[in-house]
Amino acid sequence: MWDYTKKVKDFFLHPKNIGEVENPDGVGDVGSIVCGDALRLSLKVDKETNKITDAKFQTFGCASAIASSSALTELIKGKTVDEALKVTNQDIADFLGGLPKEKMHCSVMGREALEAAISNYKGIPIVVEEEGKVVCKCFNVTEEKIRKVAVENHLTTVEEITDFTKAGGGCGECLPDIEELLQDIWSLKTPEKPVAPKKLTNLQKIALIQEVIEKEIRPGLQADGGDIELIDIDGNRVVIALRGMCTGCVMSGVTINGIQEKLRELVSEEIVIEAQ
Ligand code: FES
């Protein structure tokens, strides 16, 4: 028996916003009944203000899936679509007072449905993971999804990947591939070098920023079909533009934050990224 919080039980037994919005402006369908979980999120959006005026869900899943979907609708109602995109799967879990770690994949499914519904509203074709290489055949989980969820949630073990995506939770054949993927993700991000000197001259700082972008940031973006262009460096202000698949991606805000975090970690705490 899972150890659910009072709020999870409440949102499961008395879920809010079940059903489908009439004449929705955006719909996101994720998961599949074959894999055990599916979620449809429908949104009504005020076109003038871009505010989500109504959100409803239909789900096929467990108590956590129902509670997470319901929590998501409560979290996003009244927000603009861009504000709603900042809601993470961890926010959904936090709103519920936490989820059992084995059930975190329900919050991830909520976040995915949100991205899909907002992309649908914005008319952005979803270049979803289905096009990527499937790593876990039991649950149809792609490499792209594992990479994204691992980075966003700082996951470092195969067990955590299973908790958050279900990958590896079936026959287990994909476990070595997930392990290899994790090594690849985190070896790219482990800052062995370059290491920031204590006090940098302007020239040293510019050189280090360029080096970090080339060695630590660009390869990860290119692996997902994106790229980065460094436009200007003015003191601690670094102006960049996302290119390739990153252009117009609904996750670009997350990507830019990640780039800023990496430069703060490896160059200076005071770096501020400005994206064009
Ligand atoms: S292929 Fe991943 S658990 Fe079976």
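Histidine 154 sits in the loop between H6 and helix H7 (158-165). Keep in mind that what you're looking at is a predicted model.

Let's stay with that histidine for a moment. Its place in the chain is just after H6, and its phi is near 55°, a positive value in a residue other than glycine. Is histidine 154 buried or exposed? With a relative accessible area of 54%, histidine 154 lands over the 50% cut-off, so it counts as exposed.

Helix H6 itself covers residues 143-153, and quite a few of its side chains are tucked away: Lys145, Ile146, Arg147, Val149, Ala150 and Asn153 are buried. As a reminder on helices, an α-helix has 3.6 residues a turn, so residues three or four places apart point the same way.

Another residue with a positive phi is asparagine 17, at about 65°, and it isn't a glycine either. You'll find asparagine 17 in the loop between helix H1 (6-13) and strand E1 (26-32). Its relative accessibility is 14%, which is under the 20% cut-off, so asparagine 17 counts as buried. Here are the two loop residues side by side:

| Residue | Phi | Relative accessibility |
|---|---|---|
| Asparagine 17 | about 65° | 14%, buried |
| Histidine 154 | near 55° | 54%, exposed |

Now over to a sheet. Three strands make up an open sheet in the order E6-E7-E8, and the pairing is mixed. Strand E6 (226-234) and strand E8 (272-275) are the edge strands, each pairing on one side only. From one strand to the next, the twist averages 30°. In general, strands of a sheet pair through backbone hydrogen bonds, either parallel or antiparallel. Strand E7 (residues 237-244) and E8 run parallel, joined by four bridges. Which residue in E8 is the bridge partner of valine 239? That would be glutamate 274.

H10 packs on it, touching E6, E7 and E8, and the direction of H10 makes about 150° with that of E8. Helix H9 (residues 202-223) lies across E6 and E7, and runs at about 165° to E6.

Leaving aside residues up to four places away in sequence, glutamine 260 touches Ile271, Val272 and Ile273. Why does glutamine 260 count as buried? Because its relative accessibility is 16%, and the cut-off for buried is under 20%.

Notes
Residues are numbered from 1 along each chain as its sequence is written. This is a predicted model: local features need pLDDT of at least 70, side-chain atom pairs count only at pLDDT 80 or more; totals for chains, interfaces and linings use all residues. Side-chain values use heavy atoms; hydrogens and water are left out. Buried means under 20% relative accessible area, exposed over 50%, partly exposed in between (1.4 Å probe, protein chains only). Contact means heavy atoms within 4.5 Å. Two strands pair if DSSP finds at least two bridges between them. Axes are lines fitted to C-alpha atoms, for helices over the stretch in contact, and angles run from 0 to 180 degrees between N-to-C directions.
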